[in-house]
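Trainee: I would like to learn how to read a structure from its helices, its chain contacts and its charged pairs. Please take me through one case.

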Number of protein chains: 2
Amino acid sequence: MPRMHGTLAAMSSAEKRIQDAAMRLFAERGVTQVTVSELAEAAGVARGTIYNRKSDVGTLFEQLATRLTEEMTTRIDATMAGIDDPARRIATGIRLFVRRAHEEPPWGRFVARFGATAPTMRALLAAGPSRDLEQGVRGRRLVLRREQIAAALAMMSASVLGAIVSVVDGHQTWREAGSTTAELFLRALGVPLDEARALSKEELPPLEAETQ
Amino acid sequence: MPRMHGTLAAMSSAEKRIQDAAMRLFAERGVTQVTVSELAEAAGVARGTIYNRKSDVGTLFEQLATRLTEEMTTRIDATMAGIDDPARRIATGIRLFVRRAHEEPPWGRFVARFGATAPTMRALLAAGPSRDLEQGVRGRRLVLRREQIAAALAMMSASVLGAIVSVVDGHQTWREAGSTTAELFLRALGVPLDEARALSKEELPPLEAETQ
């Protein structure tokens, strides 16, 4: 399997099938419990299709985690291109993640399982919100001391992953889980209660396709 | 190894050594990567001391997770016996966890690694805060709708675990991590900013010993 950069559209059908099967199997079993044979069978390709491209399971996982996170980051950036307010960007980003977990449960399960631990995912997932928080602190839109930004980021990613688990397990709708998480997190950032609630209930734009 | 109820004082020296070794080994390697032989060696007891008591590693882990969580829950309850305000109870509980992770790093690493996943730990850890949140909502001390309580609980436990990781990894002091987490979480519960800050900075009582 080649490095998974580029757009989804540019992926061959076999690559797409391998990616989907890998996402599902890794999310179900963890990285150490999946073999190349199982992956090939689940994807409906010959083992050689995976072996020939010089990959082992650990490498496949790293590529997939990076690829999926980059893809989502790119699409969220595109979706929020016209939104300047850091508070609104944060609420929108949180809800886009939770809605996608509802719409694509295998994706949601993968993110829920590895989002907090796979280093590439952690770093990529934190980059956008980190910029929003810093901009919000600079512009005094958010009431947060600079040294609290790291803790706020940790609280945000943990809350979003918790909301995703709740949605893929069927305990909450994406609307309820996404809006509650956005509302409570905006409050934590010092956004007044009424405004936090309003921002967490706004109509959510569709997630833009990846067209970089 | 007998069931790990009762007080620490009532544990034999060998039991205490086994518990300490198990806490450290499980936290370092995960449950599936520890054998009874390694445990016995780390605890400085004969393998028979563990085998004779009819335990396997999975059972040992469950007993330890339950025992450690019960012990902390009992001690926190005793420490907060005189505190009625739900907001103050929540801030105090968060900070007691983070401070203990600083004072006893193996304990902190164990909680950080398994607090979100081991079912007995999850249930026990959520029970106290759950009562505080419900009481705070009933008394209108907290601004939270009833259906938001589950998400708030998830946000709290994830934030506390994140703070503990940050402390045991040396990225933040327990004071900074504990106070920031308490402050941001109280804000999320609708506590006014000034008050959230004040409550998160109060002098923290010593953790009561387990004397039930």
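This is a predicted model: local features need pLDDT of at least 70, side-chain atom pairs count only at pLDDT 80 or more; totals for chains, interfaces and linings use all residues.

Mentor: We begin with helix 7 of chain A, where what covers the buried residues includes helix 4 (57-79), helix 5 (86-103), helix 6 (105-114) and helix 8 (149-168) of chain A.

Trainee: Which residues of helix 7 of chain A are buried?

Mentor: They are Met121(A), Gly128(A), Pro129(A), Ser130(A), Asp132(A), Leu133(A), Gly136(A) and Val137(A). When reading such a list, recall that an α-helix has 3.6 residues a turn, so residues three or four places apart point the same way.

Trainee: What span should helix 7 of chain A have, at 1.5 Å a residue?

Mentor: Its 20 residues, 119-138, should span 28 Å. The end C-alpha atoms are 28 Å apart, so the two values agree.

Trainee: Where does helix 7 of chain A bend, and by about how much?

Mentor: The bend is about 35° and sits at Ala127(A). A proline, Pro129(A), follows within four residues. After helix 7 of chain A comes Arg140(A), with a positive phi near 60°.

Trainee: What area is buried between chain B and chain A, and how many residues are in contact?

Mentor: The buried area is about 2,000 Å², and carbon and sulfur atoms give 58% of it. In chain B, Met155(B), Leu184(B) and Arg187(B) lose the most area to chain A, together 29% of what that side buries. As for contacts, 24 residues of chain B meet 24 residues of chain A.

Trainee: How many salt bridges are there between chain B and chain A?

Mentor: The count is 2. Glu183(A) pairs with Arg145(B), with the closest N and O atoms 3.7 Å apart. Arg145(B) also meets Glu147(B) in a salt bridge, at 3.2 Å from N to O. Arg145(B) has a relative accessible area of 24%, so it is partly exposed, and Glu147(B), at 45%, also counts as partly exposed. Salt bridges that share partners join Arg145(A), Glu147(A), Glu183(B), Arg187(B) and Arg197(B) into one network.

Trainee: How many salt bridges does the structure hold over all chains?

Mentor: It holds 30. For each pair, look at the distance, the positions in sequence and the burial. One of them joins Glu210(A) and Arg67(A), with the closest N and O atoms 3.2 Å apart. Glu210(A) lies in the segment after helix 10 (193-201) of chain A and Arg67(A) in helix 4 of chain A, so this pair ties together parts 143 residues apart in sequence.

Trainee: Are Glu210(A) and Arg67(A) buried or exposed?

Mentor: Glu210(A) and Arg67(A) are both buried. Another salt bridge is that of Glu71(A) with Arg100(A), the closest N and O atoms being 3.0 Å apart. This pair links distant parts of the chain, with Glu71(A) in helix 4 of chain A and Arg100(A) in helix 5 of chain A, 29 residues apart.

Trainee: Why do Glu71(A) and Arg100(A) count as buried?

Mentor: Buried means under 20% relative accessible area. Glu71(A) counts as buried because its value is 3%, and Arg100(A) because its value is 5%.

Methods: Residues are numbered from 1 along each chain as its sequence is written. Chains are lettered from A and ligands numbered from 1 in the order in which they are written. Side-chain values use heavy atoms; hydrogens and water are left out. Helices (H or I, at least four residues) and strands (E, at least two) are DSSP runs, numbered from the N terminus. The expected span of a helix is 1.5 Å times one less than its number of residues. The bend at a residue is the angle between axes fitted to the seven residues ending there and the seven starting there. Buried means under 20% relative accessible area, exposed over 50%, partly exposed in between (1.4 Å probe, protein chains only). Contact means heavy atoms within 4.5 Å. Buried area is the accessible area (1.4 Å probe) that two parts lose on being put together, summed over both. A salt bridge is a side-chain nitrogen of Lys or Arg within 4 Å of a carboxyl oxygen of Asp or Glu.
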